[in-house]
Amino acid sequence: MTLLSVFNDLLYGLGVAMTPSNLIVAIIGLLLGTAIGVLPGLGGTNGIALLLPLTFSLTPTSAIILLASVYWGAIFGGAITSILFNIPGEPWSVATTFDGHPLARQGKPGIALTAAFTSSFIGAFVAIILFTFFAPPLAEWALRFGPPEYFAVMLLAFASLTGLEGGSPVKSVLMTLLGLLLSTIGFDIVSGQPRMNFGLVSLQSGINFIIIAIGLFGLGEIFLTVEEGLRIQGVRGRISFRDLLETWKMFPRYIATLVRATILGFWIGVLPGTGATPASFMSYGLAKQFSKHPERFGKGEVEGVIAPETAAHAAGIGALLPMITLGIPGSPTAAVMLAGFFIWGLNPGPLLFTTQREFVWGLIGSMYVANVVGVIMVLTMVPVFAAINRIPFSVLAPLIVILSSIGAFAVNNQVLDLWIMLGSGVAGYLFKKLKYPLAPLVVALVLGDLAEQALRQSLIMSQGSGAIFFNRPIALTFVLASAFLFLLPALRGFWSRRRGRVSEPVEA
Amino acid sequence: MKKAETVVAVFLVLFSLIMVREALRLSIWSSIGPGAGFFPFWLVLGVGICAVVIVVQSLRAPRAGDEPFIPPGAWRPLLVAFLPMVAILAMLRYLGIYIGGMLYLTGYMWLVGRHRWPYIVFVSILIPLALFFIFEKWFFLLLPKGILLERLLYGP
């Protein structure tokens, strides 16, 4: 693994991404993604789950480029509604509303939008460069992983979801275990015997992850929005050339924030399990702590837009690193993409780097291309995307319901799945209202089979002794890191009590 | 809100009880190591314990100043969104996704959006038609068309 070979692969990947068909796929993905990001009630995770059935007819490379571009588009687009309408189009753009909307209210929507897109782009671009150079050695290193190491990495994913998402740790643990439990329905992967299906043949193939994701995130979100009664009123915004120059002139001042937010975001993204959402909140909190004028935050501080946006996009990129190198999703959205790997006939894992060069490097190359195209697109097309919000909710809500049903049906061509989707939708609504986090459930559901296989193989290797996770150095490191992250909420409470002040609650 | 918290957690406890019965039918440990029931059994146990903790927590939480789980005015829009979904799914064999979707759009736009009828008719024909061309013609995804639409398209 030399630097030169990485450059070679990167050039090859850029070539793959620039072929006309892949370029068109990326642009369609970006347009769809930005629209998904703008629309409240239709999130990136759900949007990607809905599009998954449409990728069956594409090649795996085009399929992953499409879904990844949707993800980038959704991250860009989430900022538009946050700033102009004070409604976060995505969970990761909640923190952007804090200062973005006040700025728009003060008659500076152009500045807020430019700051959001530019910082989002910078965070993404630096993260992509880090990605390019971290991914190959990580994949090579991961080739040496055995079942205990894999199980320990998955433990890290679950621990970071509990430790970083905020909210009630008991509920996070419950949702993780519930996700793993639901994944055991169907066949036992080791012995091949049917299990946990209550004797029902229709449950024998298991409950499909995509259907649950569409129900939880798609319908659940619709029910919530219906209940709150969506009223969109906001500031009209466009970006003038003067806004661009004025905002860009400010950027050198925020270099420290940009660096901090990028590193934090990328790191949180790479951490299996958690993605852009906790990264954006933590970055906002950190920027406020480091700022000389913390009192200006929440009233229209440009830095309060830059910090969460940079981190969110860096985390979005970072989240794909464990997905492509280990086969472990770095975020709930990456979990949905990972579900696609199996459908496209790929086996996620470190071997992808050697066996699927076009797929892996095509994806990496497309990250460069799609983010450059994406930032130009959003900077020039704000009024077009903002206009999407003029579609009445009474048209949008039923449309999303219909699209969700089509998406859920297309996975297995089973009407039963539509009922499962409806049930998950009701569950998603109840869980969200009662603040049960959905991200751990989704990630656990995707990882369930792998986690069980890794755990059981490890225990068979060690003849039933759990010590195998402690006497192998790599596994031990992951186990210790998991323990630290898991105990983080308790530690955070302890520190803030000692310092005699209540720390910012980090919401999911 | 507190009541809903308790109810959902109690439901999760019941769910774990049902699942634990399923798990106990399988072998937890075999001669070569963990069996098919090993993973499900410990997971159910974990879910159950967490759910019991939440039940206890919710019972001990103060009830004063509690808001209703669903605000009084929100029942109507929620039911308008939910009940037709159930009805259309139940009749999917006859309606299919396209006609079912058209009915759902019409009903929702009429009851919630209170749009004018020409607009409602236009949109609820346009969207299913567009979806039909995108999915059936462009992506070759065969969706349930229902007996009604099949009769219309291909004759009896």
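Mentor: Between the two chains, 49 residues of chain B are in contact with 48 residues of chain A, where contact means that the C-beta atoms of two residues, placed from the backbone, lie within 7 Å. The side of chain B that touches chain A draws two or more residues from each of helix H1 (2–24), strand S2 (33–34), helix H2 (38–60), helix H3 (75–90), helix H4 (92–113) and helix H5 (117–138) of chain B, these elements being DSSP runs numbered from the N terminus (helices H or I, at least four residues; strands E, at least two). The largest share of that side, 11 residues, is supplied by H2(B). By kind, the residues on this side of chain B are 42 nonpolar, five polar and two charged, with Ala, Val, Leu, Ile, Met, Phe, Trp, Tyr, Cys and Pro counted as nonpolar, Asp, Glu, Lys and Arg as charged, and the others, Gly among them, as polar.

This is a predicted model, in which local features need pLDDT of at least 70 and side-chain atom pairs count only at pLDDT 80 or more, while totals for chains, interfaces and linings use all residues. Residues are numbered from 1 along each chain as its sequence is written, and chains are lettered from A and ligands numbered from 1 in the order in which they are written.

The axes of helix H7 (residues 147–164) of chain A and H20(A) come within 8 Å and cross at roughly 150°, the axes being lines fitted to C-alpha atoms, for helices over the stretch in contact, with angles from 0 to 180 degrees between N-to-C directions. H7(A) is therefore roughly antiparallel to H20(A), since angles under 35 degrees count as roughly parallel, over 145 as roughly antiparallel, 65 to 115 as roughly perpendicular and the rest as oblique. The crossing of H7(A) and H20(A) is left-handed, a term used if the near helix is turned anticlockwise from the far one by less than a right angle, with right-handed used if clockwise. On the H7(A) side the contact includes A:Pro147, A:Tyr150, A:Phe151 and A:Met154, and on the H20(A) side it includes A:Leu447, A:Leu450, A:Ala451 and A:Ala454. The residues of this contact divide into 18 nonpolar, three polar and no charged.

H20(A) also meets helix H8 (residues 169–183) of chain A, whose axis comes within 7 Å of that of H20(A) and crosses it at roughly 45°. H8(A) is thus oblique to H20(A), and the crossing of these two helices is right-handed. Among the residues that meet here are A:Met175, A:Gly179 and A:Leu180 in H8(A), and A:Val443, A:Gly448 and A:Ala451 in H20(A). The contact of H8(A) with H20(A) has 11 nonpolar residues, five polar and one charged.

Leaving aside neighbours within four places in sequence, A:Ala451 is in contact with A:Phe151, A:Met154 and A:Leu180. The C-alpha atoms of A:Ala451 and A:Pro147 are separated by 9.0 Å, although these residues are 304 residues apart along the chain.

The 12 residues of H15(A) should span 16 Å at 1.5 Å a residue, and the end C-alpha atoms are 18 Å apart, which agrees; the expected span is 1.5 Å times one less than the number of residues. H15(A) is mostly covered, with 10 of its 12 residues buried, among them A:Val336, A:Met337 and A:Leu338. The buried residues of H15(A) pack against helix H3 (44–51), helix H4 (60–85), helix H9 (209–228), helix H14 (320–325) and H20(A).

Just after H15(A), A:Gly345 takes a positive phi of about 80°, and this residue lies in the loop between H15 and helix H16 (352–355) of chain A. A:Gly345 is exposed, with 7 other C-beta atoms within 10 Å. The C-alpha atoms of A:Gly345 and A:Pro60, 285 residues apart along the chain, are separated by 8.2 Å.

Notes:
Buried ≥ 20, exposed ≤ 12 C-beta atoms within 10 Å, placed from the backbone.
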